[in-house]
Amino acid sequence: MKSPVFMKQELFFRKCGFCNVFEVTDEAPSGDILHAHDYAQIWYVTRGQCDHYVENQSYLMTAGDTFLIPPMVEHQTVLSHNSAAISCEFALEDLFPDPSSPAQTELQSYLDRMSVMNFLQDSKKRQPRFRFRPEVMPKVDRLMKEILEEFREEKPCYRDMLRVKLQELLLLYIREFIISPDYKATDATYERYRTLMSKAIAYIDEHYTEPLSLEDVCRISTLSKTYFCYLFKLITKKTFVEYITERRIQGAMGLLEDTEYSIQAVSERTGFHDVAHFSRTFKKSVGISPRAYRKMRNPSSDGENYG
């Protein structure tokens, strides 16, 4: 089985910065190879039908269906003959740029639970699609088409219009989710997965100085690689690699301040095992080299002690 293609915001959001919008048809397909991305995505089927594949399961989507795909979920979408869909890709943190605000915290909580309902139920219960109530559908249809038009035509202030319309679309999703019969049942599932992830995070924190593979931690969490990566990003707001790297850099900073271990010894004791890679990663994260950091925190040091 081929590894999925990983798509990054920095490559696909060059036009607008915080989103990308396009129409997909069976004659002009997109997303039909297994892939994942570091941003969220909403698909809306405007005509015909498509097969949406998630975790080796296929789900039939028909006109009027929408599906919200969180970051890190591996999936692919294959449109049938004479079918079409609109795709809106966006970075939530750029749509609502104040993560500490109560409004955004509440919004993120609802989106997290909606994602759990769609992607983290067992395969028999999972339905990674969302159908709005009939009375709301015309508004959703209008919004999706207006978002596509704004992105294509680039009229004055189109970025601001896109931001407002995408916010409205997400708020409609959340409102419909809250009043749906699935809302209360989702909380128990969400808390169960939070507990699993807490165990995995505690294991990483305890063993970050050792060689750690994604497969090892997935086994501890009893989750597949796809769902572990998605849920880990959901809970920590970091990828698996980003979290381990940050934890190792924090450990290295402590050793550089409080011990006389050599730079190489610090590298080995914090799980890097390659001093050149450690130095590059440390400088990228902290802004200065390990030697300069030690000198700054302990001026009496020569920056490279051997103990």
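Which helices each supply at least two residues of the lining of the largest pocket? They are α1 (9-12), α2 (92-95), α3 (102-119) and α8 (225-236). Helices here are DSSP runs of H or I with at least four residues, strands are runs of E with at least two, and both are numbered from the N terminus.

Before we look around, a word on the model. It is predicted, so to speak of local features takes a pLDDT of at least 70 and side-chain atom pairs count only at pLDDT 80 or more, while totals for chains, interfaces and linings use all residues. Residues are numbered from 1 along each chain as its sequence is written, and side-chain values use heavy atoms, with hydrogens and water left out.

Now to the largest pocket. A pocket is an open set of points on a 1 Å grid over the protein atoms alone, where a 1.4 Å probe fits, with protein on both sides within 12 Å along at least five of seven lines; lining residues have an atom within 4 Å of a point. The space inside is about 770 Å³, counted as that filled by probe spheres set on the points, which are joined across faces, edges and corners. Of its 28 lining residues, Asp38, Pro71, Glu93, Lys233 and Lys237 lie nearest the centre. The most, 6 residues, come from α3.

Met72, Thr239, Phe240, Val241 and Glu242 lie nearest its centre, among 20 lining residues. Here β1 (5-7), α8, α9 (240-258) and α11 (275-286) each supply at least two, and α9 has the largest share, 6 residues.
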